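Dear colleague,

Please find below the structure that I am handing over to you. My findings follow directly after it.

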Amino acid sequence: QVQLVESGGGLVQPGGSLRLSCAASGSIFSINAMAWYRQAPGKQRELVAVIISGGSTNYSDSVKGRFTISRDNAKNTVYLQMNSLKPEDTAVYYCNTEARKFPWSSWRDYWGQGTQVTVSS
């Protein structure tokens with residue numbers, strides 16, 4: 001099984017910063033994409049940022065220029081540096097990864113349990 005453990009959420013004032021981390025562990029042969037999603041109350045889960053194994057990144061328009069996704073392949077860990085936070089960034093943030101357990105396995109999606117980010121004065 002593959003487990004994703006997130007950390008770094010919390011309460012921050014508008015304009016502040018937070019850094020989220022997500023470590024993947026368990027039966028992992030390789031990881032392709034790693035991503036962060038978020039879900040605000042009453043809204044659908046949306047993609048925030050994604051980074052593939054080669055290092056290419058993509059961001060939603062709402063966070064472009066403020067958030068930075070990065071990864072440490074040796075640690076199977078993905079990070080999300082969030083700067084200039086706004087109240088509309090308030091949501092539960094979920095880590096997602098596409099991984100396979102064995103060379104012959106198909107790629108599967110795995111999710112973390114979520115971490116709350118609240119931006120409020």
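In this predicted model, Tyr37 touches Arg45, Glu46, Leu47, Val48, Val92, Tyr93, Tyr94, Asn96 and Trp111, with residues up to four places away in sequence not counted. Tyr37 belongs to strand E4, which covers residues 30-39. The residue counts as partly exposed because its relative accessibility is 21%, and the buried class requires a value under 20%. Between Tyr37 and Arg100 there are 20 Å in space, C-alpha to C-alpha, and the two are 63 residues apart in sequence.

Ser60 is in contact with both Leu47 and Val48, once its neighbours within four places in sequence are left aside. Ser60 lies in the loop that connects strand E6 (57-59) with strand E7 (67-72). With a relative accessibility of 17%, Ser60 counts as buried.

I turn next to strand E8. This strand spans residues 77-82 and is largely enclosed by the rest of the structure, because five of its six residues are buried. Strand E8 pairs with strand E3 (residues 18-26) in the antiparallel sense over six bridges; within E8, Thr77 stands opposite Ala23. Strands E7 and E8 also run antiparallel and are joined by six bridges, and here Ile69 stands opposite Leu80 of E8. The hairpin of E7 and E8 has four residues between the strands, and Asn76 takes a positive phi near 50° in this hairpin.

Yours sincerely

Definitions and conventions:
Residues numbered from 1 in each chain as written. Predicted model: local features only at pLDDT ≥ 70, side-chain atom pairs only at ≥ 80, totals over all residues. Heavy atoms only, no water. Helix = DSSP H or I, 4+ residues; strand = E, 2+ residues; numbered from the N terminus. Buried < 20%, exposed > 50% of the residue type's maximum accessible area, 1.4 Å probe, protein only. Contact = heavy atoms within 4.5 Å. Pairing = 2+ DSSP bridges.
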